[in-house]
Amino acid sequence: MIKSLACVLISSSVCFGQTATVTPTENFVDNISICDTFTLVNYKGGELTNSDTTLFQLVQGVNYKINDTFTASLDIPVYIDDSTDLGAIGLDLIWNAWKNDSISLAFNVGVNSPMETEFGASSVDPTLGGVVTYLLPWSGAKFVQTVNYEFVTGDAYSLPFGSKVSDDILTADSSIVCPLGDKFNVGATVWQNYTVSDNGQQNILMGPNAQWNITDNVNLNGSVAIPVYQNVNASAEQNYVMSASLSIKF
């Protein structure tokens, strides 16, 4: 299970000109943020699984800022196909390791917990990841690179591949975000998804994204992606992917 880029930015600090310090928090509620992401995947026709169908996913995420250095994150994905079903529950600890005036670096370690459902994993799968944010030298634009590796010890459902996989899963998202005034950001993202094996699957998509900063604490994000390369063997290929997320910091 992978966080959307918008939720990664909410979970990990991307401020600049500061040094990560361990500062006790004062108000429990003020340190909570939520990020709910709705994703729609449309598949091509054919004889394989998901052919001529559209799969929906809602990830309900809750983040708690322990202090300036560490954030805890809980994600509960709900898949909607013929019936609503919960996927594996993910728990992550995010370490805001380092930042200066132009670069910030964060790491995450977590587990995806198994569930006795159609979309649930059959095992406890550890995850490792990181995010690098680089402030570009023009008009407040920034480059964001996320990487996540899931150690699949049994089998786990993967939305990019439209099926359960038994190989480890590597994902990498690369994005450029440019501000348009005080309220809006636009950019483009490349999503890369791989299963790690000799005969692994690959799914690479790219497309535009936009963010509306409704208030200082509420953001609405949207993206559209189309595949530029697909090598999948357990599901039909994708036509397009649409995603929207709402982030609220209390």
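Colleague: Is Tyr157 buried or exposed?
Modeller: This is a predicted model, and the values are computed from it. Tyr157 has a relative accessible area of 12%. Buried means under 20%. Tyr157 is therefore buried.

Colleague: Which residue forms an aromatic pair with Tyr157 at 4.7 Å centre to centre?
Modeller: The planes of this pair stand at 90°, and the pair is edge-to-face. Tyr157 sits in strand S9, and its partner sits in the loop between strand S6 (103-113) and strand S7 (125-135), 38 residues apart. Both partners are buried. The residue is Phe119.

Colleague: How do the rings of Tyr79 and Tyr157 meet, and why does the pair get that label?
Modeller: A pair of aromatic rings is described by the distance of the centres and the angle of the planes. The centres of Tyr79 and Tyr157 are 5.1 Å apart, and the planes are at 70°. Angles over 60 degrees count as edge-to-face. The pair is therefore edge-to-face.

Colleague: How many residues apart are Tyr79 and Tyr157?
Modeller: Tyr79 lies in strand S3 (residues 70-80). Tyr157 lies in strand S9 (residues 156-158). The pair links distant parts of the chain, and the separation is 78 residues.

Colleague: Which three residues form one aromatic cluster?
Modeller: Tyr157 pairs with Tyr79. Tyr157 also pairs with Phe119. The cluster is Tyr79, Phe119 and Tyr157.

Colleague: How many residues make up the largest nonpolar core?
Modeller: Nonpolar side chains tend to be buried together in soluble globular proteins. Here the core includes Tyr79, Phe119 and Tyr157, and also Leu55, Trp191 and Val241. Leu55 contacts Phe119, Tyr157 and Leu159, among others. The core's total is twelve residues.

Colleague: Is Asp52 buried or exposed?
Modeller: Asp52 lies in the loop between S1 and S2. Its phi is positive, about 55°, although Asp52 is not a glycine. The relative accessible area of Asp52 is 63%, and the cut-off for exposed is over 50%. Asp52 is therefore exposed.

Colleague: What is the relative accessible area of Asn50?
Modeller: Asn50 is in the loop between strand S1 (32-43) and strand S2 (54-65). Its phi is near 75°, a positive value in a residue other than glycine. Asn50 counts as buried, with a relative accessible area of 12%.

Colleague: Which strand holds Asn213?
Modeller: Asn213 counts as buried, at 16% relative accessibility. Its contacts beyond four places in sequence include Asp182, Phe184 and Val218. Asn213 is found in strand S13.

Note on methods: Residues are numbered from 1 along each chain as its sequence is written. This is a predicted model: local features need pLDDT of at least 70, side-chain atom pairs count only at pLDDT 80 or more; totals for chains, interfaces and linings use all residues. Side-chain values use heavy atoms; hydrogens and water are left out. A nonpolar core is a set of buried Ala, Val, Leu, Ile, Met, Phe, Trp, Tyr and Cys residues joined through side-chain atoms within 4.5 Å. Buried means under 20% relative accessible area, exposed over 50%, partly exposed in between (1.4 Å probe, protein chains only). Contact means heavy atoms within 4.5 Å. Helices (H or I, at least four residues) and strands (E, at least two) are DSSP runs, numbered from the N terminus. Rings of Phe, Tyr and Trp (its six-membered ring) pair if their centres lie within 6.5 Å; planes under 30 degrees apart count as stacked, over 60 as edge-to-face and the rest as tilted.
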